[in-house]
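Please read them with the structure open.

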Amino acid sequence: MNRNILGSMFLALLAAVTLLAGGLNVGDTVPDFTLKSVDGDDVKYSSLAGDITVITFIATQCPISNDYNERMKAIYADYHPKGVKFVFINSNKQEDAAEVKEHAQKHGFQFAVYKDPGNVVADLFGAQVTPEAYVVKDGKIVYHGRIDDSRKGEVKDQSLRNALDAVLAGKPIAKPETKAFGCTIKRVS
Amino acid sequence: MRVPAAVFTLILAGSGALAAAAAGPARLEPYDAQRHRQVLAENRGKVVLFDFWATWCAPCRAEMPLLVELDRKLRGRGFRLITVSADEPEEKQQALEFLREHRAPEPAYIKEVEDDDAFINAVNPDWSGALPALFLYDRSGKLVKTWIGETAIAEIEKAVRGLLD
């Protein structure tokens, strides 16, 4: 058996393990990946990321994601000046680039939203819902989960803000993994 | 022929009960991790499908009538559909009206928890909280199948029937 076959087998095994583990987890290194701008240009994640990056999977039609539009804008406004980079991704198959562009304009997003054709990036991360956030520090995931703990009622846990505050202060994140109810990302079949 | 008053009353009472069953759940019972364990224990010996859904979730709304129909068809063979709404408290009435419109079985539940994380983990640690989420348990109370997101009803029915046979 030559080394190429062994190499292929190793890659296949690695892919299987990644799938079983549900994508990328806290502590994992984020590899570079490619997104599409709403104007159709290829954009590398590495060109958007910084020392601290927030990657958020969002939607145009999901009521949960839309309930967080204003909160996402506020988080961006508070943390972007502190050097945090933001990458917003739409992986839903039924929401095309034109719809994503219009949605961003309608809601006055100060940030770009990128398309993930074929939900390749959602699969890489194992992202399941919108909204679903990841905080990446020095290339590794340090937080994964919800933006906060209440869609409509009183927010008791500012999960994403708490994670960013901790990372900016160089402190450990109290809750690096959280879950929340949300719309499933609509994948290609 | 004169119908005795007692018989007439019985007929009335009977039709009332039928009307109540056909109208769907009268109320939504609160649901948390403890109640989940309790419902599982109470339904030991039956094949149980938990449907975690919400009014804001389009695929959840689309599959509800199909699941209710499945419950109606297979209830006599020991199948139970348990619906648990993940709606917020202010959407409770809307959720109840939806269930009543589709004649969903009783009892029906609505999540009332302090901590979504802990609740989701208690139901299934592998679940992200994405909706719709269906969890199928066999008669021994063992989880045998999970469906997250849109799922063909034929696939669900096949799995349920497989456990009933």
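1. B:R103 counts as partly exposed, because 16 C-beta neighbours fall inside 10 Å. The scale used is: buried with 20 or more other C-beta atoms within 10 Å, exposed with 12 or fewer, and partly exposed in between, with C-beta atoms placed from the backbone. B:R103 is not a glycine, yet has a positive phi of about 55 degrees. The residue sits in the loop between α4 (92-101) and β4 (108-111) of chain B. Helices (H or I, at least four residues) and strands (E, at least two) are DSSP runs, numbered from the N terminus.

2. This is a predicted model, in which local features need pLDDT of at least 70 and side-chain atom pairs count only at pLDDT 80 or more, while totals for chains, interfaces and linings use all residues. Residues are numbered from 1 along each chain as its sequence is written, and chains are lettered from A and ligands numbered from 1 in the order in which they are written.

3. A:D138 also has a positive phi, about 50 degrees, although A:D138 is not a glycine. This residue is in the loop between β7 and β8 (140-145) of chain A. A:D138 is exposed, with 11 other C-beta atoms within 10 Å.

4. Check the two cis peptide bonds. One runs from A:T130 to A:P131, with omega near -5 degrees; A:P131 is in the loop between β6 (129-130) and β7 (132-137) of chain A. The other joins B:L131 and B:P132, with omega about -5 degrees, and B:P132 lies in the loop between β5 and β6 of chain B.

5. B:L131 also takes part in pairing between the chains: it is the bridge partner of A:C183 in β5(B). β9(A) and strand β5 (residues 130-131) of chain B pair in the parallel sense over 2 bridges; pairing requires that DSSP finds at least two bridges between the strands.

6. As for the interface, 15 residues of chain A are in contact with 15 residues of chain B, contact being C-beta atoms, placed from the backbone, that lie within 7 Å. On the side of chain A, α2 (63-67) and β9 (182-184) are the elements that give two or more residues. β9(A) gives the most, with 3 residues.

7. Chain B has 6 helices and 7 strands, and 35% of its 165 residues count as buried. Six of the strands form an open sheet with mixed pairing, in the order β1-β4-β3-β2-β6-β7. Its edge strands, β1 (28-31) and β7 (143-148), each pair on one side only. Within the sheet, β2 (residues 47-53) and β3 (residues 79-85) of chain B pair in the parallel sense over 7 bridges, and B:W53 has B:S85 as its bridge partner in β3(B).

8. Which strands does α6(B) lie across? They are β2, β3, β6 (133-137) and β7 of chain B, and the helix runs at about 150 degrees to β2(B). Axes are lines fitted to C-alpha atoms, for helices over the stretch in contact, and angles run from 0 to 180 degrees between N-to-C directions.

9. Helix α3 (residues 58-74) of chain B packs on helix α6 (residues 153-164) of chain B at an angle of about 25 degrees, with the axes 11 Å apart. The two are therefore roughly parallel, a label for angles under 35 degrees. B:E63, B:L66, B:L70 and B:L74 in α3(B) meet residues of α6(B) including B:I153 and B:E157.

Terms used
Parallel < 35°, antiparallel > 145°, perpendicular 65-115°, else oblique. Contact = placed C-beta atoms within 7 Å.
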